[in-house]
Amino acid sequence: MSEKEEFTEEVEELKDLEAAAEEKAEAVSEIEKLTTERNQFEDQFLRARAEIANITNRNRNEREQLQKYRSQDLAKKLLSSIDNLERALQTEVQDEQGASLKKGVEMVLEGLLAALKEEGVEEIPAAKGDAYDPNVHHGVQIVPATEDLPADTIVEVFQKGYRLHDRVLRPSMVIVAQ
């Protein structure tokens, strides 16, 4: 073989190598493109899965809150009736018939309070001399503090307050010493 033929053969080999290198570069480029695409899909999948988990948790929490506070509206509506029954019990009776009626009212009130307690409704403690808490007490009047009743204490309770679990349904209406 002549030098020219050898040279031509080497040039052909180089061209073949160049073509193979280009094919490899294209394959590598395609692999990189597919890898990038796969990473994007994986990221989207992970984000979607996290979002579904968040929605599930949020729904579960909302259902728990609804279950926990399901009797809130009914309890609020019954509070005025409970107040009226308590006022009825404060009346003085003179005869046996009145005493019997008062006993019946007392039994109705006890039944209502027991039913509300089963649902998680409880009275907010408020008595003369207790510390005033603006989160659960509503101060409707202020009187000067004395030695017996220091500042920020309850002087008198006008209306009982109630809470459902940790939520205040109605604050206690009180007079506060300042």
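**Close-up 1. The open, antiparallel sheet S1-S4-S5.** In this predicted model, three strands form an open sheet in the order S1-S4-S5, with antiparallel pairing; strands here (E, at least two residues) and helices (H or I, at least four residues) are DSSP runs numbered from the N terminus, and two strands pair if DSSP finds at least two bridges between them. Strand S1 (121-124) and S5 stand at the edges, each with a single partner strand, so one side of each has no neighbour in the sheet. Direction ignored, neighbouring strands of this sheet are turned by 40° against each other on average, where axes are lines fitted to C-alpha atoms, for helices over the stretch in contact, and angles run from 0 to 180 degrees between N-to-C directions. Residues are numbered from 1 along each chain as its sequence is written, side-chain values use heavy atoms, and hydrogens and water are left out. Because the model is predicted, local features need pLDDT of at least 70 and side-chain atom pairs count only at pLDDT 80 or more, while totals for chains, interfaces and linings use all residues.

Close-up 2. S1 is joined to strand S4 (residues 161-164) by four bridges, and the two run antiparallel; Val 121 has Leu 164 in S4 as its bridge partner. S4 is in turn joined to S5 by three bridges, again with the strands running antiparallel, and here the bridge partner of Leu 164 in S5 is Arg 167. The hairpin of S4 and S5 has two residues between the strands, and in this hairpin His 165 takes a positive phi near 55°.

Close-up 3. Gln 72 lies in helix H2 and is buried, its relative accessible area being 14%; buried means under 20% relative accessible area, exposed over 50%, and partly exposed in between, with a 1.4 Å probe and protein chains only. If neighbours within four places in sequence are left aside, Gln 72 is in contact (heavy atoms within 4.5 Å) with Leu 164, Arg 167 and Leu 169.

**Close-up 4. The salt bridge between Arg 170 and Asp 83.** The side chains of Arg 170 and Asp 83 meet in a salt bridge with an N to O distance of 2.7 Å, a salt bridge being a side-chain nitrogen of Lys or Arg within 4 Å of a carboxyl oxygen of Asp or Glu. The pair links distant parts of the chain, since Arg 170 belongs to strand S5 (residues 167-170) and Asp 83 to helix H2 (residues 72-89), 87 residues apart. Arg 170 and Asp 83 are both buried.

**Close-up 5. Further salt bridges.** By this rule the count comes to 10 salt bridges. One of them joins Arg 58 to Glu 51, whose closest N and O atoms are 3.9 Å apart; Arg 58 counts as partly exposed at 43% relative accessibility, and Glu 51 is likewise partly exposed, at 41%. Another is formed by the side chains of Lys 103 and Glu 106 (3.9 Å, N to O), which lie three residues apart in helix H3 (residues 96-118) and are therefore separated by about one helical turn. Lys 103 is partly exposed with a relative accessible area of 46%, and Glu 106 is partly exposed with 30%. Salt bridges that share partners also join Glu 86, Glu 123 and Lys 160 into one network.

**Close-up 6. Packing of helices H2 and H3.** The axes of H2 and H3 come within 10 Å and cross at roughly 150°, which makes H2 roughly antiparallel to H3; angles over 145 degrees count as roughly antiparallel, under 35 as roughly parallel, 65 to 115 as roughly perpendicular and the rest as oblique. The crossing is left-handed, meaning that the near helix is turned anticlockwise from the far one by less than a right angle. Residues of H2, including Ala 75, Leu 78, Ile 82, Leu 85 and Glu 86, meet residues of H3, among them Lys 102, Val 105, Glu 106, Leu 109 and Leu 113.

**Close-up 7. The open, mixed sheet S2-S6-S3.** Another open sheet of three strands has the order S2-S6-S3, with mixed pairing. Strand S2 (137-143) and strand S3 (153-159) stand at the edges with a single partner strand each, so one side of each is left without a neighbour in the sheet. From one strand to the next, the twist averages 30°. Six bridges join S2 to strand S6 (residues 172-177), and these two strands run parallel; the bridge partner of Val 143 in S6 is Ala 177.
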